[in-house]
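The following exercises are to be worked through with the sequence and the three-dimensional structure at hand. Each task is followed by a solution in steps.

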Amino acid sequence: MALLSDLTREQNRTKAMAFIGVSFGITFAIAMVTGPLITQAVGLSGLFWLIALLALAAIAMVIWVVPTPAAHLQNRESAMVRGGFRTVLTNPRLLKLNLGILCVHTLLMSSFVALPPLLEQAGLAREHQWQAYLVTMLIAFVSVVPFIIYAEKHRQMKRVFQACVLVMLVAELVLWQSGQQLWGLLAGLQLFFVGFNVMEALLPSLISKESPPGYKGTAMGVYSTSQFLGVAIGGGNGHRDRHLEQLLREEAADATAADPVGSGDGHVGTVRGVHAGEYGLEGEALVPQLARAGAGFRPAVKHCSGQGSPLLDHRW
């Protein structure tokens with residue numbers, strides 16, 4: 001943003017920032033579609049090597065392609081202001097918006113750590129999932145335009161923002177209740193991206209409008225930091241849930257092999273010694289994780305070992 005401020009005239013700066021915002025959105029859509037294809041061709045490690053090469057190419061473009069500004073202009077509206085963090089962080093309106101973008105990206109990353117295996121279990125092979133992402137993103141981008149026009153033209157930013165929060169809530173509920181129903185998962189995915197793309201477009205504009213005079217650059221810096229913190233938190237939570245589900249599957253397989261008990265219509269066994277405290281879960285909070293790990297799990301006996309975290313025994 002500081003380099004952009006040095007290379008553009010004041011009357012063109014807003015349009016230049018808008019183009020950068022649009023490029024972010026287009027890049028995100030392209031990554032959603034091409035990511036699975038690249039991973040299928042070169043593997044996950046190859047994907048990260050490609051990202052590293054693209055980063056080096058971007059550095060080279062900045063050094064040798066982007067013009068060098070003749071003079072550096074200290075613009076408080078596009079650069080960080082020393083001592084301005086207290087003003088930005090204690091502004092209640094900006095605080096709500098920063099918390100909003102953090103939560104939106106936490107939901108995004110948590111959902112998309114869990115969604116690919118769910119889609120695969122529902123019958124959509126991983127090598128074909130990019131088709132679902134392509135259609136979803138195209139519909140979502142087309143849907144953004146009327147919402148933005150309505151919000152700006154009729155000054156209904158707050159109403160559209162609240163509608164997007166409601167749409168994302170409905171999307172998560174649909175995903176939660178869909179189980180392994182493919183069309184339910186795709187419907188939840190579509191609703192999520194409609195709400196997400198509109199909020200992604202509205203929030204920077206709201207940050208700009210709510211920023212105190214002379215602190216817009218600082219406010220945008222805090223906003224971007226909140227955005228990437230949400231990505232980190234969401235990715236970590238999603239990975240933890242996936243790891244716990246995998247652990248429970250392994251426990252179930254080991255228990256089936258080692259401790260089967262005959263019954264009239266199959267086998268009954270128990271998964272013993274699952275430490276809830278290790279994952280920050282207690283009591284019945286672990287039961288949904290067990291249910292996801294195996295459709296036939298149901299709680300049987302729950303007891304404490306006397307020391308340490310609670311232990312759960314579950315039957316299937």
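**Exercise 1: His-105 and its surroundings**

Beyond its neighbours within four places in sequence, His-105 contacts Phe-196, Glu-200, Gln-227, Gly-230 and Val-231, a contact being heavy atoms within 4.5 Å. The model is a predicted one, in which local features need pLDDT of at least 70, side-chain atom pairs count only at pLDDT 80 or more, and totals for chains, interfaces and linings use all residues. Residues are numbered from 1 along each chain as its sequence is written, and side-chain values use heavy atoms, with hydrogens and water left out.

Task: State in which helix His-105 is found, and determine whether His-105 counts as buried or exposed.

Solution.
Step 1. His-105 belongs to helix α4, residues 92–121. Helices (H or I, at least four residues) and strands (E, at least two) are DSSP runs, numbered from the N terminus.
Step 2. His-105 counts as buried because its relative accessibility is 6%; buried means under 20% relative accessible area, exposed over 50%, and partly exposed in between (1.4 Å probe, protein chains only).

**Exercise 2: The packing of α4 and α7**

Task: Describe how the axes of α4 and α7 cross, and classify the residues of their contact.

Solution.
Step 1. Two packed helices are described by the angle between their axes and the distance between the axes.
Step 2. The axes of α4 and helix α7 (residues 182–210) come within 10 Å and cross at roughly 155°. Axes are lines fitted to C-alpha atoms, for helices over the stretch in contact, with angles from 0 to 180 degrees between N-to-C directions.
Step 3. α4 is therefore roughly antiparallel to α7, a term for angles over 145 degrees.
Step 4. By class, the contact of α4 with α7 has 21 nonpolar, three polar and three charged residues. Ala, Val, Leu, Ile, Met, Phe, Trp, Tyr, Cys and Pro count as nonpolar, Asp, Glu, Lys and Arg as charged, and the others, Gly among them, as polar.

**Exercise 3: Val-66 in its loop**

Task: Locate Val-66 and identify the residues that Val-66 touches.

Solution.
Step 1. Val-66 lies in the loop between α2 (10–64) and α3 (85–89).
Step 2. Val-66 counts as partly exposed because its relative accessibility is 27%.
Step 3. Not counting residues up to four places away in sequence, Val-66 touches Leu-3, Leu-7 and Met-61.
Step 4. Between Val-66 and Leu-3 there are 63 residues of sequence separation and a C-alpha to C-alpha distance of 9.7 Å.

Definitions and conventions:
Angles under 35 degrees count as roughly parallel, over 145 as roughly antiparallel, 65 to 115 as roughly perpendicular and the rest as oblique.
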